[in-house]
Amino acid sequence: MQSVDLFVHSNLFYLLVFMVGACVGSFSCVCITRIPKGESIIFPRSHCVCGKIIPAWLNIPIISWLILRAKARCCGAGISVGYFAIEVLVAVLFTILWHVTQSALFVVGSILFVILVIALGIDFDRMMIPDSLTVGGTMVGIIVSGLLPWFVSSGGVFCGVLESVKGLLIGSSLLLWIAIISEFILKKETIGFGDVKLMGCIGAFSGTNCAIFSIFGGAVIGLVTLFPIWAIHCKLNNKPLGMGCQLPFGPFLALGAISYWLFFKEAVDSSFSEMMMLLSQV
């Protein structure tokens, strides 16, 4: 038992987690490409733009992109840097998440992270988030919160499910009201309903505190980190960039939720607890 514990905390296990994350990232790329088209994410196998099936030895996450120098071996077509970026991103997120949790919560967080990364990728490219991710993810979040309630609540199964539903309702309704008010003031849609449903998914997985932080904290963090990436993405894809352009809000929410899980949970939860204590004394 001690040898197993040593292995789980060893650098070799961290490398294993990184490799698993890279493989999941590769699958996430498939989902980002196929889900918006209504295609199966299982069949057919990964194939080049020319239609040829990519052999397994040329489909190794991260490594293949580097060895092939971003060009398909069969026809020489360019391979988007987005594939490489998503694979590295998920691998790094999984590694940090394991370092932070080192428990069954790693499974919970990794499921949410994959949903968020896929949603982020689709929203960046198509300005929409499929219901299969948001609504389906919300159902999974509620179930998981019942099985592993101690992340969203200190109580038992019932408290876990209750906090999950609270996170779903409070997070989505708060964002919905922000969308309604901003649309009334600016006379145009600023936040899509897909973002509202994604917020519900985040709340279902992570509870009320994470939901609120994802909206406001995600907006602040996202402007600093995601806006430059989005601007480059628009430039590379010949999309207009200016005061009249649309900026997807889903990636901001995703970044806020991921930041909460990895870096800010204790600080945010502590701040909210202090605020509630002060309000109760008023």
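Trainee: What relative accessible area does Lys265 have?
Mentor: This is a predicted model, in which local features need pLDDT of at least 70, side-chain atom pairs count only at pLDDT 80 or more, and totals for chains, interfaces and linings use all residues. Residues are numbered from 1 along each chain as its sequence is written, and side-chain values use heavy atoms, leaving out hydrogens and water. A residue is buried under 20% relative accessible area, exposed over 50%, and partly exposed in between (1.4 Å probe, protein chains only). Lys265 counts as partly exposed because its relative accessible area is 23%.

Trainee: With which residue does Lys265 form a salt bridge?
Mentor: Side chains of opposite charge can pair when their charged atoms come close. The rule asks for a side-chain nitrogen of Lys or Arg within 4 Å of a carboxyl oxygen of Asp or Glu. For Lys265 the closest N and O atoms are 2.8 Å apart, and the partner is Asp269.

Trainee: About how much of a helix separates Lys265 and Asp269?
Mentor: Helices are DSSP runs (H or I, at least four residues) numbered from the N terminus, as are strands (E, at least two). An α-helix has 3.6 residues a turn, so residues three or four places apart point the same way. Lys265 and Asp269 are 4 residues apart in helix H10 (residues 250–281), so their separation is about one helical turn.

Trainee: How many residues apart are Asp131 and Lys197?
Mentor: Their side chains meet in a salt bridge, with N to O at 2.5 Å. This pair links distant parts of the chain, since Asp131 sits in helix H6 (residues 131–147) and Lys197 in helix H8, and the separation is 66 residues.

Trainee: How far apart are the end C-alpha atoms of helix H8?
Mentor: The expected span of a helix is 1.5 Å times one less than its number of residues. H8 (residues 193–206) has 14 residues, so it should span 20 Å. The model agrees, because the end C-alpha atoms are apart by 20 Å.

Trainee: How many residues of H8 are buried?
Mentor: The buried residues include Gly194, Leu198 and Phe205. Lys197, by contrast, counts as partly exposed at 22% relative accessibility. H8 is mostly covered, and of its 14 residues the buried number is 12.

Trainee: Which residue just after H8 takes a positive phi?
Mentor: H8 covers residues 193–206. Just past its end, a positive phi of about 90° is taken by Gly207.

Trainee: How many disulfides are there?
Mentor: A disulfide is a pair of cysteine sulfur atoms within 2.5 Å. Cys201 is buried, with a relative accessible area of 0%, and Cys23 is partly exposed at 45%. By the distance rule, the number of disulfides is 0.

Trainee: How do helices H4 and H5 run relative to each other?
Mentor: Axes are lines fitted to C-alpha atoms, for helices over the stretch in contact, with angles from 0 to 180 degrees between N-to-C directions. The axes of H4 (residues 81–101) and H5 (residues 105–126) come within 10 Å and cross at roughly 155°. Angles under 35 degrees count as roughly parallel, over 145 as roughly antiparallel, 65 to 115 as roughly perpendicular and the rest as oblique. So the arrangement of H4 and H5 is roughly antiparallel.
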